Amino acid sequence: MAWSLVVPLKPLALAKSRLAGTARPMPRSALALAFALDTVAAALSCGVVRDVAVVTGDERAAAELAAIGAWTVAEPPGGGLNAALAHGARAVRARWPHSAVATLNADLPALRPAELGRVLDCAAEFPRAFLADAAGIGTTLLAAGPGNALAPAFEGRSRQRHRASGAREIELSGVESVRQDVDTEADLRTALDLGVGPRTAALAASLA
Ligand SMILES: Nc1nc2c(ncn2[C@@H]2O[C@H](COP(=O)(O)OP(=O)(O)OP(=O)(O)O)[C@@H](O)[C@H]2O)c(=O)[nH]1
Ligand SMILES: C=C(OP(=O)(O)O)C(=O)O
């Protein structure tokens with residue numbers, strides 16, 4: 001099955017607020033952009049991904065992500081993350097009416113295309129499916145097969161919410177790179193240990 005991915009991205013100046021207040025000042029905007037570029041580049045290299053739509057109100061991020069092959073959808077007014085994702089899914093279905101669609105967080109800098117492919121192949125067996133994040137509380141990917149509404153319920157304890165919504169939890173092992181979102185400095189260290197994409201690696205090296 002060919003997938004369209006919807007990747008949400010906050011304005012860079014507001015993103016990654018949990019990387020603030022650490023012992024050393026972190027360039028949060030630059031990190032958020034590096035994570036998004038590495039996430040989207042890896043997703044575009046996955047054999048079952050047809051295209052990646054990034055929903056963002058950030059012009060610089062939109063331009064840089066378009067330059068590596070994503071298409072961009074303007075942020076809908078006043079909605080927050082779930083509204084942005086639902087809007088992105090509608091834009092995908094306007095372009096590809098019978099498409100399978102999956103959301104993918106923009107903060108997965110260790111993402112490996114083969115692991116994403118395994119998760120999407122598993123998701124293809126269910127009307128809706130999701131993958132819990134590494135912490136076991138949130139969600140990094142929510143998928144809806146052709147003809148099924150995405151019905152995103154992200155933010156906070158979204159693993160539980162997605163399970164309660166009837167989406168099937170994907171319980172594959174060996175897909176850590178798809179689960180490892182980076183919210184904190186400890187998450188960043190774990191992602192660096194897994195192996196991150198080139199933009200995050202270069203930025204992390206310059207901070208070391
Ligand atoms: N387009 C869009 N993306 C969002 C919005 N809120 C969060 N995101 C994205 O959703 C994903 C998960 O976001 P969060 O973990 O809540 O936010 P974050 O900026 O990554 O980190 P914090 O500021 O520390 O919460 C990331 O890809 C964010 O960029 C929103 O209102 N609009
Ligand atoms: C918004 C979510 O992610 P995070 O853990 O990055 O806040 C979520 O998992 O629903």
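Here's a short walk through this predicted model, one selection at a time.

**Stop 1: the sheet**

Start by showing the strands. Seven of them make an open sheet, and if you read across it the order is S3-S2-S1-S4-S6-S5-S7, with mixed pairing. Strands of a sheet pair through backbone hydrogen bonds, in either a parallel or an antiparallel sense.

**Stop 2: S2 beside S3**

S2 and S3 run in the parallel sense, paired over four bridges. Which residue of S3 is the bridge partner of Val 55? Click on Val 73, and you've found it.

**Stop 3: ligand 1**

Select ligand 1 and the residues around it. There are 17 in this shell, and the closest are Pro 8, Ser 17, Arg 18, Ala 84 and Ala 106. Which elements give two or more residues to the shell? They are strand S1 (3-9), strand S2 (49-56) and helix H3 (81-95). Sort the shell by class and you get seven nonpolar, four polar and six charged residues.

**Stop 4: two loop residues with positive phi**

Go to Lys 16, in the loop between S1 and helix H1 (28-44). Its phi is near 55 degrees, a positive value in a residue other than glycine. Is Lys 16 buried or exposed? Lys 16 counts as buried because it has 22 C-beta neighbours inside 10 Å, and 20 or more are needed for that label.

Then jump to Glu 155, which sits in the loop between strand S6 (139-144) and helix H5 (158-164). Here too phi is positive in a residue other than glycine, this time near 90 degrees. Glu 155 has 12 C-beta neighbours inside 10 Å, so it counts as exposed; the cut-off for exposed is 12 or fewer.

**Stop 5: an annotated stretch**

To finish, select residues 40-155. An unreviewed UniProt entry annotates this range as "domain: MobA-like NTP transferase". Over these residues the chain is 34% helix and 24% strand. Draw a line between the C-alpha atoms at the two ends of the range, and they come out 21 Å apart.

How values were computed: Residues are numbered from 1 along each chain as its sequence is written. Chains are lettered from A and ligands numbered from 1 in the order in which they are written. This is a predicted model: local features need pLDDT of at least 70, side-chain atom pairs count only at pLDDT 80 or more; totals for chains, interfaces and linings use all residues. A residue is near a molecule or strand if its C-beta atom, placed from the backbone, lies within 6 Å of it. Ala, Val, Leu, Ile, Met, Phe, Trp, Tyr, Cys and Pro count as nonpolar, Asp, Glu, Lys and Arg as charged, and the others, Gly among them, as polar. UniProt positions are given in the numbering used here, feature names are shortened, and annotations may be inferred rather than shown by experiment. Two strands pair if DSSP finds at least two bridges between them.
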